[in-house]
Amino acid sequence: MHFIDVAVPVPLRRTFTYRAETELQTGVRVRVPFGNRQLTGIVIGAAATPRDTSVNIKDIEEILDTSPVLAPVMVRLAQWLWQYYHHSPGEVLHTMLPVKIRKGEKTGPDEETYLVPSAMQAEKGSLERAPKQQSCLHDIQTRAETKRVLTQRYSAAVISALKEKGLITESRHTPGPQPQRWLDTLAIAEKPVPDKEQAVAVAALTNTSGFSVSLLEGVTGSGKTEVYLQTIESILKNGRQVLILVPEIGLTPQTVARFQERFSIDVGVLHSQLNDRQRLRVWQQAKDGELGLIIGTRSAIFTPLKFPGMLIVDEEHDESYKQQDGVRYHARDLAVMRAKEENIPLVLGTATPSLESLNNALAGRYAHLTLSQRAGGASATNMHLLDIRDQVVNAGLADGILPVMRRHLEQGNQVLVFINRRGFAPALLCHHCGYTMHCSRCDRPYTVHRAQNVLQCHHCAGTRAIPKQCEQCHSQDMVTAGVGTEQVEGALAHLFPDAPQVRIDSDAVRGKDKLQHTLNAINRRDYQLLIGTQILSKGHHFPHVTLVVVLDCDGALFSGDFRASEKLGQLVTQLAGRAGRASKPGEMWLQTHNPDHPLLLDLIHNGYAHFARHELTERKAALLPPHASQIVIRAEAGEAGQAFGFLNQCKAEIHRVATHNPPAQAGPLPGLIEKRQGRYRFMLVLTHAKRAPLHEALRLALPGISALPEAGRVRWSVDVDPTDFS
Ligand SMILES: Nc1ncnc2c1ncn2[C@@H]1O[C@H](COP(=O)(O)OP(=O)(O)OP(=O)(O)O)[C@@H](O)[C@H]1O
Ligand SMILES: [Zn+2]
């Protein structure tokens with residue numbers, strides 16, 4: 001009799017012991033009874049023989065796999081995840097596995113129709129006048145191919161001719177795995193000669209074996225992608241797989257095409273818009289070692305690899321790597337654990353490192369590679385502050401910026417105007433009584449959207465018609481306050497009627513294709529004026545943009561979020577990086593009411609590298625991450641007192657159990673957005689200079705917290721290494 005530890009899909013923070021006739025491999029799926037249900041679980045390992053064998057330990061009912069769906073490395077990663085993020089194993093596996101695997105469905109590819117050579121031999125010379133048929137027959141004879149693939153290569157007529165001649169037949173079966181299939185087509189296309197720093201980086205990364213983490217800190221346009229391309233060349237040639245993570249909106253067809261074109265291999269692509277079947281297919285192919293290269297967003301970090309060679313996290317500072325619900329994991333941190341478990345190198349690339357990664361590099365825990373020059377002779381963007389105090393400002397545009405814009409437009413170049421707010425205006429108010437139209441579920445002003453003619457709440461997405469009169473005093477004198485992209489677009493159309501313009505925000509470019517078309521049109525120079533939000537700031541290559549204007553950066557200087565200045569530094573630097581990427585030099589102007597602010601001055605004059613190092617010393621002085629560890633417990637409820645009360649009880653419980661070396665507890669504090677969708681939001685912030693005692697305190701407190709009667713009444717969650725305090 002064997003006792004087995006099984007992770008089952010329930011929200012409890014523990015695994016369960018079952019009995020099996022035989023020993024079971026770690027990572028196989030099993031059907032187990034749970035209460036009066038039957039669930040699909042994953043074998044985590046052998047369990048200790050229970051001390052009290054009289055407790056009713058149930059039998060495993062069915063073993064679903066002959067080989068594990070999760071390799072031992074991935075099982076260890078899962079265990080790390082549920083311990084580190086204090087989550088239930090069930091929820092962790094839910095996050096890690098494709099839906100169809102979780103549901104206990106059959107793994108492996110579906111049956112396919114193959115075209116195979118028949119026993120009949122072609123008569124000599126019979127295909128001489130049909131070269132297409134000859135070549136098709138040749139393909140079929142040399143390699144088993146599916147009908148699907150062959151009909152992409154040959155016309156239906158060619159295939160049916162061969163069938164009629166009795167030279168080929170159809171056969172249906174499940175394809176066996178074709179490990180390292182990419183080696184059949186792998187070829188290296190023409191590539192630029194790396195500059196000195198690129199060459200050093202490529203050499204350093206190519207010479208590592210086993211586990212290591214390297215921070216590749218390369219200014220925007222310095223050719224980091226080229227470094228990845230040249231580094232993974234030898235890895236792919238050696239039959240090893242490479243997994244590349246990119247930010248949510250950095251995964252464009254151009255990115256994928258760049259890798260495909262360089263290597264002439266299939267690239268497995270994983271993003272949130274795939275359906276379950278597509279996702280399972282890539283997952284399975286990667287697991288069978290058929291795909292050499294997989295590029296994906298956050299959750300692609302869970303892709304199994306049969307021949308792991310290297311992990312790359314591009315734009316490692318990007319916020320989209322942190323999941324903000326369920327298991328709130330950070331894909332970059334997970335990549336470090338994954339690389340360690342797989343014993344392979346990890347590359348973290350960015351122009352604007354997160355303070356976490358920078359700190360690790362400066363402390364010598366990560367190798368530090370730098371690219372300080374732009375590639376191909378492009379020069380760095382010049383940055384300037386525009387003091388807009390006492391200036392006339394119209395729709396967010398100060399008088400002083402207009403001649404600068406005109407100069408660039410007259411030279412035929414493109415100008416990018418950045419404003420981080422979509423819609424026409426962030427508020428609608430009554431000019432008579434001052435009443436502001438607001439969403440009652442979130443207690444926040446509605447944003448005015450002129451294009452759709454609605455008011456929209458940006459916190460819950462709720463909409464309503466734009467009222468003709470004030471709800472409070474019935475005056476018809478309703479005015480907007482503040483500026484959004486739509487308003488800037490309208491104003492620019494008046495100011496520069498000859499410059500074709502395009503707006504790029506999530507309203508204007510819904511869907512992946514729309515964004516793609518717009519980006520292509522920009523690079524075809526269909527537009528001269530680009531007005532956009534965050535979407536424009538990341539990774540895109542705009543060779544004709546020579547001027548970037550940031551309409552407002554003052555908000556971030558006075559934010560309640562201690563990461564606001566780091567984020568501002570990253571945003572401004574990435575935006576500056578969109579200008580002057582080709583032969584023409586670029587410049588950037590930041591409109592501000594605070595031209596003497598030391599933060600802005602440091603960023604403008606000394607660049608992000610200096611700015612970030614200075615931020616690190618500030619964080620150290622304030623005992624904030626990465627010089628301390630944090631965990632947040634959040635709670636939401638329809639009544640503010642309920643959420644607040646629950647967190648107070650959490651605080652007391654932590655205080656009770658963490659007698660030795662306890663964490664500092666701040667709160668309960670209201671979230672930066674106090675109310676959302678009718679629920680009040682509070683948080684309890686735990687901070688400790690050391691990670692281990694912080695986690696230990698929470699681990700000890702969680703059973704007591706979960707048992708609180710309030711725990712069943714409020715919506716609460718644990719967020720380890722929080723990045724978002726909204
Ligand atoms: N050694 C080189 N010689 C000539 N051109 C190069 C070289 N390396 C890269 N390039 C070109 O320079 C441009 C920028 O390179 P790449 O996209 O790799 O930079 P990046 O650092 O990833 O950019 P970013 O972080 O700003 O998105 C590309 O057009 C690329 O083809
Ligand atoms: Zn709302």
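This is a predicted model: local features need pLDDT of at least 70, side-chain atom pairs count only at pLDDT 80 or more; totals for chains, interfaces and linings use all residues.
Start with the overall layout. The protein splits into domain 1 (2-102), domain 2 (112-173), domain 3 (186-376), domain 4 (378-425 + 482-619) and domain 5 (629-720). If you take centres over C-alpha atoms, domain 3 and domain 5 sit 35 Å apart.

Now zoom in on strand β4 (residues 37-46), which pairs with strand β1 (residues 2-7) in the antiparallel sense over four bridges. Look for Asp5 here: its bridge partner in β4 is Gly45. Strand β3 (residues 29-34) also runs antiparallel to β4, this time over six bridges, and Val30 stands opposite Gly41 in β4. The hairpin of β3 and β4 has two residues between the strands, and Gly35 takes a positive phi near 60° there.

Next, the cysteines. An unreviewed UniProt entry annotates Cys430, Cys433, Cys470 and Cys473 as "binding site". These are spread over 44 residues of sequence, yet they cluster in space, with a largest C-alpha distance of 8.5 Å.

Take two of them in turn. Cys430 belongs to strand β20 (residues 427-430). It counts as buried because 21 other C-beta atoms lie within 10 Å. Setting aside neighbours within four places in sequence, Cys430 is in contact with several residues, including Cys470, Cys473 and Tyr435.

Cys470, by contrast, is found in the loop between β25 (463-465) and β26 (478-481). Cys470 is buried too, since 21 other C-beta atoms lie within 10 Å. Leaving out residues up to four places away in sequence, Cys470 touches Cys430, His432, Cys433, Tyr435, Ser475 and Met478.

Definitions and conventions:
Residues are numbered from 1 along each chain as its sequence is written. Chains are lettered from A and ligands numbered from 1 in the order in which they are written. Two strands pair if DSSP finds at least two bridges between them. Domain bounds come from an automatic or database domain assignment. UniProt positions are given in the numbering used here, feature names are shortened, and annotations may be inferred rather than shown by experiment. A residue is buried if 20 or more other C-beta atoms lie within 10 Å of its own, exposed if 12 or fewer, and partly exposed in between; C-beta atoms are placed from the backbone. Two residues are in contact if their C-beta atoms, placed from the backbone, lie within 7 Å.
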